Amino acid sequence: MSGELVNMGELAEHVSDGTAYHLPEFLGIRLELPTICGFQVTRFMVVEVVVALLMILFFVPLAVKMKSGRPVRGRFWNLLEVFLLYLRNEVIVPSIGKKDADRFTPFLWTVFFFVLFCNLAGLVPWFGASPTGALATTAVLALATFVVLIGSGMRKFGVVGFWVGQVPQMDLPLVLAIFLKPMLFLIEVLGLFIKHVVLAVRLLANMFAGHLVLAVMLGFIAATADKLVLWIGVTFASVLMSVCLNLLELFVAFLQAYIFMFLSSIFIGMAQHQH
Amino acid sequence: MNRKEFNLKALFHRLWGGAAVFSVSSVVFLTNASPLLAVEGEEGEKALEPLAWQTDLAIWTAVVFVLLLAVLWIFAFGPIVKALDQRERNELDRLAAAEKNNADARELLEQYRQKLADSEEEVRRILDEAKSDARKQADAVVAEAKRSAAEERERALKDIQNASDVALREIAVKSAEMATSLAGKIIREEVDPAKHARLIESAVASVTKQ
């Protein structure tokens, strides 16, 4: 191990997507992911599938247990139920309204837990970084919110009604309205798109930055490996800081999942209750 | 206290020491190794591009997410939302039933309180009646006793009076007899037996009158 091993490419493989799993060096194993019918499987794809299976594994039995209408038994199931109830009662219902909330609750729960599990996957050693650290993932999730928002809005107000409703109601003189309302429409529609772009970028930036800082922190150890005395001090400090940052990352994983879902529910709620 | 302060100081020293080591090592590392981090790999390794777009991953994510959403909607979150709604309805029903039971219980309690109050009133009335009856009986007994005592007294007085009359009559008879015999002795020759008898009766009558 020497300083020459640590470069951007090496770091990039640890914080972004890749086609192989890096196991500890002493095992001498490098798991290359296959190409299926010309489609290259990557670590993030594997993580997403595992996350999806875990969610099915957790929530389908929970649904069976809750079907009776009685409170579930067991710490784990209660924990899951607490999450679901909190998100529904404290976030989704206040944002969207009691009447419409239940129609969007399954979608928003799925978004929250998918983002959360993807975020947490980045903290599992050798499992691969978080898929939410890739723009492709966060953009698709933001797009899903956007599609739900537009679809539900147009279903409720009609295609024309939804888009016209983007302009706030104002009692303007006709002359002013002719100039101002198209401009307001343009600003509001642009704002609608920008909000979702920001939704994607916010999650991406937080997850990517966290993993990058962790990787750089640990990269210090490899970079000073050829200077023994310095290496000991750097290793101690790097490990200490990495532990602290991992704890912060754990918090950020929950926080960003919450923020993504919270903003999604607010956007959907705004589409359901126009100006 | 001193020991605690000493420990805190030691902890701060250690933290400062760690931070100093970290800072120095960071500076040394950045001055020596930052070129290695900053320069893209010579053999064509990937550079860090946070905004790099991966169409394959986007399609994969969309497929996985949509399938996951469908599966969870049908088998998990949809039924859970229904179960929660059902639970809410059950709880509201139970709450309504509990409120109704509570109202019924309050009404029942009020009825029992009213009955209790009525019973207390009845008991009080019965006690008053009993006291009144007892007082009446006692008065009757006392009156009867008084009447009986008065009659006894009257009878006793009458008996005494009779006894007194008889005694006086006997005294009078005896006195008259004695006076008559005394007077007879004196005037033996002047009073015959018939006269003697009249004298005795007249003497008795006068004594009785007295």
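I call a residue buried if 20 or more other C-beta atoms lie within 10 Å of its own, exposed if 12 or fewer, and partly exposed in between, with C-beta atoms placed from the backbone.

**Entry 1: ground rules.** I am reading a predicted model, where local features need pLDDT of at least 70, side-chain atom pairs count only at pLDDT 80 or more, and totals for chains, interfaces and linings use all residues. Residues are numbered from 1 along each chain as its sequence is written, and chains are lettered from A, ligands numbered from 1, in the order in which they are written.

**Entry 2: the two chains.** I looked up burial in chain A: of its 275 residues, 37% count as buried. For chain B, with 210 residues, I found 9%.

Next I listed elements. I took helices (H or I, at least four residues) and strands (E, at least two) as DSSP runs, numbered from the N terminus. Chain A has eight helices and four strands. Its elements run α-β-β-β-β-α-α-α-α-α-α-α from the N terminus on. Chain B has three helices and zero strands, in the pattern α-α-α.

Among contacts in chain A between residues at least 6 apart in sequence, 69% join residues at least 24 apart.

**Entry 3: helix α2 of chain A.** I checked the length of α2(A).

Which residues of α2(A) are buried? I found several, including Phe44(A), Val51(A), Met55(A), Phe59(A) and Leu62(A). The buried residues of α2(A) pack against β1 (20–22), α3, α4 and α5 of chain A, together with α2 of chain B.

Is Leu57(A) buried or exposed? Leu57(A) sits in helix α2 of chain A. Leu57(A) is exposed because it has 10 other C-beta atoms within 10 Å. I also took its distance to Arg75(A), 18 residues apart along the chain: the C-alpha atoms are separated by 16 Å.

**Entry 4: α2 meets α3.** I fitted axes as lines to C-alpha atoms, for helices over the stretch in contact, with angles from 0 to 180 degrees between N-to-C directions. The axes of α2(A) (residues 43–66) and α3(A) (residues 75–96) come within 11 Å and cross at roughly 95°. The two helices are therefore roughly perpendicular to each other (65 to 115 degrees).

Phe58(A), Leu62(A) and Lys65(A) in α2(A) meet Trp77(A), Leu80(A) and Glu81(A) in α3(A).

**Entry 5: a phenylalanine.** I picked Phe114(A). Leaving aside neighbours within four places in sequence, Phe114(A) is in contact with Val51(A), Met55(A), Phe65(B) and Leu68(B).

**Entry 6: a histidine in chain B.** I found His196(B) in helix α3 (residues 193–209) of chain B. His196(B) counts as partly exposed because it has 14 C-beta neighbours inside 10 Å. His196(B) and Ser181(B) are 15 residues apart in sequence and 9.2 Å apart in space, C-alpha to C-alpha.

Notes: Parallel < 35°, antiparallel > 145°, perpendicular 65-115°, else oblique. Contact = placed C-beta atoms within 7 Å.
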